[in-house]
Amino acid sequence: MPQALSRAAAAVLEHLIKGLEVGGATKFNNAPRLFMAVCVDRLSSRHYSVAHYYEQNGDLMADPDMTFYRTEDGQFYPCSFQQDNLAFYQESLEIREDGTIVSLNQREQASQADFANTWMRNIADQQQLPFSFPENDDV
C-alpha cells in the first residue's frame, strides 16, 4: 500500500492546486529573490506536478519536480521525483486515473512521501501561505 501525505501537507497541496483545470498551471512567488517560486501543473484529472525551477544555460532545471496522485477522498500520493542538476528521476508509483496501481516501489514511494511532507511545510513557510503545522503531523 502506498504512503499518503500527512494531513497538513495534503492541505498545503490542496491550496496549491485549488481551481486548476486539467492542463492548467499556476505559480506562487510570494517571496521573490528570497525563495524559488513554486510551479503547479494539473496533468490530468487526478495527477499534479509541483516544482521549483531555475535557469541554467538557457534551460529550466527542476529543483525538484514531484508528481502526485489525488484520490476522491482528498489524499495525495507521491508518484515521482526529479532533480535535474543530479540527472535523477525516480518513479515510485504508477497509478491509473481510476486508482488502479500499475507498479509500486514501496520503499522509494515512502521516501518520497516523507520528503514531500517536509517540502510542503517549507513551501507553506516560504510562500507565506496561511498554514500552521502541528509538532507531530501523522497521516
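Two strands count as paired if DSSP finds at least two bridges between them. Keep that in mind for the views below, which all come from a predicted model.

**View 1. Strands E2 and E3 side by side.** Here we zoom in on E2 (residues 38-42) and E3 (residues 47-56), which run antiparallel and are joined by 4 bridges. Look for Arg42, which sits opposite Tyr48 in E3.

**View 2. The open sheet of 6 strands.** Trace the order E1-E2-E3-E4-E5-E6, with antiparallel pairing. At the edges you'll find E1 (25-28) and E6 (88-91), each pairing on one side only. From one strand to the next, the twist averages 20°.

**View 3. Two helices packed on the sheet.** H1 touches E1, E2, E3, E4 (59-70) and E5 (76-83), and its direction makes about 75° with that of E5. H2 packs on the sheet too, touching E2, E3, E4, E5 and E6. The direction of H2 makes about 90° with that of E5.

**View 4. Where H1 and H2 cross.** The axes of H1 (residues 7-17) and H2 (residues 106-126) come within 9 Å and cross at roughly 55°, so the two helices are oblique to each other. Their crossing is left-handed.

**View 5. Side by side at the H1 and H2 contact.** From H1 come Ala9, Val12, Leu13 and Leu16, and they meet Ala116, Asn117, Met120, Ile123 and Ala124 in H2. Sort this contact by class and you get 8 nonpolar residues, 1 polar and no charged ones.

Notes: Residues are numbered from 1 along each chain as its sequence is written. This is a predicted model: local features need pLDDT of at least 70, side-chain atom pairs count only at pLDDT 80 or more; totals for chains, interfaces and linings use all residues. Side-chain values use heavy atoms; hydrogens and water are left out. Axes are lines fitted to C-alpha atoms, for helices over the stretch in contact, and angles run from 0 to 180 degrees between N-to-C directions. Angles under 35 degrees count as roughly parallel, over 145 as roughly antiparallel, 65 to 115 as roughly perpendicular and the rest as oblique. A crossing is left-handed if the near helix is turned anticlockwise from the far one by less than a right angle, and right-handed if clockwise. Contact means heavy atoms within 4.5 Å. Ala, Val, Leu, Ile, Met, Phe, Trp, Tyr, Cys and Pro count as nonpolar, Asp, Glu, Lys and Arg as charged, and the others, Gly among them, as polar.
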